[in-house]
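Morning, everyone. I'll walk through a few places in turn.

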Amino acid sequence: MKLTVFGATGGVGREIVRQALDAGHEVTAVVRDPARFTLTGERLEVFRSDLSDAGALRGAVAGRDAVLSGLGARNRADAASGIAARLTRPVLGAMEAEGVRRLVVVSAAPVGPAAEGDGLLDKAVLAVITNVLKDVYADLRVMESELAASATDWTSVRPPKLTGKPVTGRYRTVVGGTPPRGRTLARADVAHAMLAVLDDPSTVRRGVGVAY
């Protein structure tokens with residue numbers, strides 16, 4: 001497949017690019033600062049953009065089979081500014097202008113429905129995390145609402161707390177829901193899950209909860 005990856009210098013985005021190249025895909029990595037992007041490959045193109053203009057992004061998505069986004073807040077200041085929603089809008093505009101429909105983004109578990117079967121401890125921990133990171137999740141909710149209003153065939157992959165562990169390919173997924181007692185997931189497995197849902201029609205225009 002011909003794929004475009006936004007947020008390619010981030011932890012999830014970089015893993016998407018690496019795993020996609022390993023799987024034989026052609027990848028366009030969209031980055032704001034190429035100096036921070038160290039991956040190389042024969043099937044890799046690096047596209048520089050600050051993501052401020054949908055028109056300027058059309059060349060990054062034209063003719064692609066799908067777009068994947070690792071865009072999101074790296075700190076609370078980013079979240080308070082609504083960075084995930086703000087950076088995703090030009091991506092949606094470029095995709096709609098070029099007629100590219102398939103989009104997979106990373107979001108977060110608290111944006112989805114509560115997990116069935118969670119105990120009191122899990123619910124209490126989630127409540128604390130949600131309160132501490134409320135700006136992050138508010139930003140992601142706005143982003144997801146704009147996905148829902150778009151013409152794209154989107155999927156939102158919603159992991160819990162992220163870790164830096166290696167990819168395993170072994171995790172639970174719940175389409176339209178959240179895995180119970182799902183506390184962590186490696187960024188590498190988030191990327192694995194995002195690539196895995198590309199060809200799954202049951203995930204189109206739906207959120208997918210993922211966790212160990």
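Start with the contacts of Ile-16. Leaving aside residues up to four places away in sequence, Ile-16 touches Val-5, Leu-68, Ala-191, Met-194 and Leu-195. Keep in mind that this is a predicted model. Where does Ile-16 lie? Its place is in helix α1, residues 11–22. Is Ile-16 buried or exposed? Its relative accessibility is 0%, and buried means under 20%, so Ile-16 counts as buried. Now a distance. Ile-16 and Tyr-171 are separated by 155 residues in sequence. In space, C-alpha to C-alpha, Ile-16 and Tyr-171 are 16 Å apart.

Next, helix α7. This helix covers residues 187–196. How many of its 10 residues are buried? The count is 7, so α7 is largely enclosed by the rest of the structure. Here are the buried residues of α7: Ala-188, Asp-189, Val-190, Ala-191, Ala-193, Met-194 and Leu-195.

On to the strands. Look at β6, residues 153–158. In β6, 5 of the 6 residues are buried, so this strand too is largely enclosed by the rest of the structure. Which strands are joined to β6? One is β5, residues 102–106. There, 5 bridges do the joining, and β5 and β6 run parallel. Another is β10, residues 206–211. Here we have 4 bridges, and again the strands run parallel. Find Val-157 in β6. Val-106 stands opposite Val-157. In β10, Val-157 has Val-208 as its bridge partner.

Last stop: a pair of helices. Two packed helices are described by the angle between their axes and the distance between the axes. Take α2, residues 54–61, and α4, residues 83–98. They pack at an angle of about 60°, and their axes are 8 Å apart. α2 and α4 are therefore oblique to each other. The crossing of α2 past α4 is right-handed. Who meets whom? From α2 come Ala-54, Leu-57, Arg-58 and Val-61. From α4 come Pro-90, Val-91, Gly-93, Ala-94, Met-95, Ala-97 and Glu-98. Sorted by class, this contact has 8 nonpolar residues, 1 polar and 2 charged.

To recap: Ile-16 is buried, α7 and β6 are each largely enclosed, and α2 crosses α4 in a right-handed way.

Technical notes
Residues numbered from 1 in each chain as written. Predicted model: local features only at pLDDT ≥ 70, side-chain atom pairs only at ≥ 80, totals over all residues. Heavy atoms only, no water. Axes fitted to C-alpha atoms, helices over the stretch in contact; angles between N-to-C directions. Helix = DSSP H or I, 4+ residues; strand = E, 2+ residues; numbered from the N terminus. Parallel < 35°, antiparallel > 145°, perpendicular 65-115°, else oblique. Left-handed = near helix turned anticlockwise from the far one by under 90°. Contact = heavy atoms within 4.5 Å. Nonpolar A, V, L, I, M, F, W, Y, C, P; charged D, E, K, R; others polar. Buried < 20%, exposed > 50% of the residue type's maximum accessible area, 1.4 Å probe, protein only. Pairing = 2+ DSSP bridges.
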